[in-house]
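This report walks through one protein chain, from its annotated site to its overall fold. Please look at the sequence and structure first.

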Amino acid sequence: MSDSLILYSPSGLLPRAATMSLAVKRLKALGFNVSRDESLLARRQRFAGDDETRLAAIHRVAAAAPSIAMPGRGGYGITRLLDCIDWALLARSVEQGTRWVGYSDLTALQMGLLAHTGAASWCGPMAADDFGRDTLDEITPDCFCEAMSGELEAVGFRTEAGFDGLQAKGLLWGGNLTVLCSLLGTPHWPRVKGGILFLEDVAEHPYRVERMLLQLHQAGLLAAQKAVLLGAFSDWRPSPMDHGYSLKSAIACVRSHCDTPILTGVPFGHVPTKICMPFGQRAQLLVEGRNVLLGW
């Protein structure tokens, strides 16, 4: 594999440069031609440089149009930039073959790109948060390489019982639930009807997850989709006030209000093992028993 891959920092600062060095080493070992944006290690408060620095980094990467644009990490920061991003420049990079990859805070960039230009991107791993972690499992890099080479055409996972025979076709979109909800009502929200919406989040208690899902339901968004796929909702702490309330309880509540099928089990989110999925491409969903096949 000889794809050019540029590492850049559009969001949070990188806590340790060593994680990026390890990520570069691993990505090069996979055959990628890795380069680093000039402001990759910039710092200002909790951000990877001030807003102008991070905006310039996004535009530099888009102008270079590498095969792959991979952020160092997520965190927070892209929402600050949405009104100033040159979306046409990013769309041209996609036309030239650039795959903008990421998750978490990158949801804001992917949502805006789809909303303003209709261009697709990829939900997948990031440098420091994935390739720079102490232990890297086999599934994440293998799936990433297959996705970037064009070999990956479908992913499978197990879900709960009760959806046998479900079939759905539509635009695949979504990402981090908190970031996604923050864009509702803005110009950066893509108007997707009849889509397949996937969602994940981190460090959000189930009642907050429930509240955000109900917000999407009450806004008419869930009813407009063919199916909703839930990934990992990780790293939250139970409260003494829960008394048995859990993520399962939250999902059951939302299902009681919404007729759109809500499936769990997608191996994606703030977890060590993650698949890659296209953002903004048409996909189809097929459930046999508890086995789910998502293809595009």
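## The annotated site

UniProt, in an unreviewed entry, lists Ser-104, Glu-200 and His-270 under "active site". These residues span 167 positions in sequence, yet no two of their C-alpha atoms are more than 8.3 Å apart, so they gather at one spot. UniProt positions follow the numbering used here, feature names are shortened, and annotations may be inferred rather than shown by experiment.

The model is predicted: local features need pLDDT of at least 70, side-chain atom pairs count only at pLDDT 80 or more, and totals for chains, interfaces and linings use all residues. Residues are numbered from 1 along each chain as its sequence is written, and side-chain values use heavy atoms, with hydrogens and water left out.

Ser-104 sits in the loop between β4 (99-102) and α4 (106-117). Helices (H or I, at least four residues) and strands (E, at least two) are DSSP runs, numbered from the N terminus. Ser-104 has 10% relative accessibility, so it counts as buried. Buried means under 20% relative accessible area, exposed over 50%, and partly exposed in between (1.4 Å probe, protein chains only).

Leaving aside neighbours within four places in sequence, Ser-104 is in contact with Gly-74, Gly-75, Met-126, Asn-176, Val-179, Glu-200 and His-270. Contact means heavy atoms within 4.5 Å. His-270 lies in the loop between β10 (262-264) and β11 (277-279). With the neighbours within four places again left out, its contacts include Ser-104, Asn-176, Glu-200 and Asp-201.

What distance separates the polar contact between the side chains of His-270 and Ser-104? It is 3.0 Å. A polar contact is a pair of N or O atoms within 3.5 Å; within protein, one must be able to donate a hydrogen and the other to accept it, and residues adjacent in sequence count only if both atoms are side-chain atoms.

Strand β3 covers residues 68-71. Ile-68 and Met-70 are buried on one side, and Ala-69 and Pro-71 are buried on the other. In a regular strand the side chains alternate between the two faces of the sheet.

β3 runs parallel to strand β1 (residues 4-8), joined by 4 bridges. It also runs parallel to β4, joined by 2 bridges. Two strands pair if DSSP finds at least two bridges between them. Ala-69 is the bridge partner of Ile-6, and Trp-100 in β4 is the bridge partner of Ala-69. From β3 the chain passes through helix α3 (residues 87-95) to β4, a right-handed β-α-β crossover. Right-handed means that, with the strands pointing away from the viewer, the path from the first strand over the helix to the second runs clockwise.

## Thr-98

Thr-98 is in the loop between α3 and β4. Its relative accessible area is 2%, so Thr-98 is buried. A polar atom of its side chain lies 2.6 Å from the backbone oxygen of Pro-66. Beyond its neighbours within four places in sequence, Thr-98 has contacts including Ser-67, Ala-69 and Ser-93.

## The whole chain

The protein chain has 9 helices and 13 strands. Its radius of gyration is 18 Å, close to the 19 Å that the globule rule gives for 296 residues, so the chain is as compact as a globular protein of that length. The radius is taken over C-alpha atoms; the rule is 2.2 Å times the number of residues to the power 0.38. Of the 296 residues, 55% count as buried.
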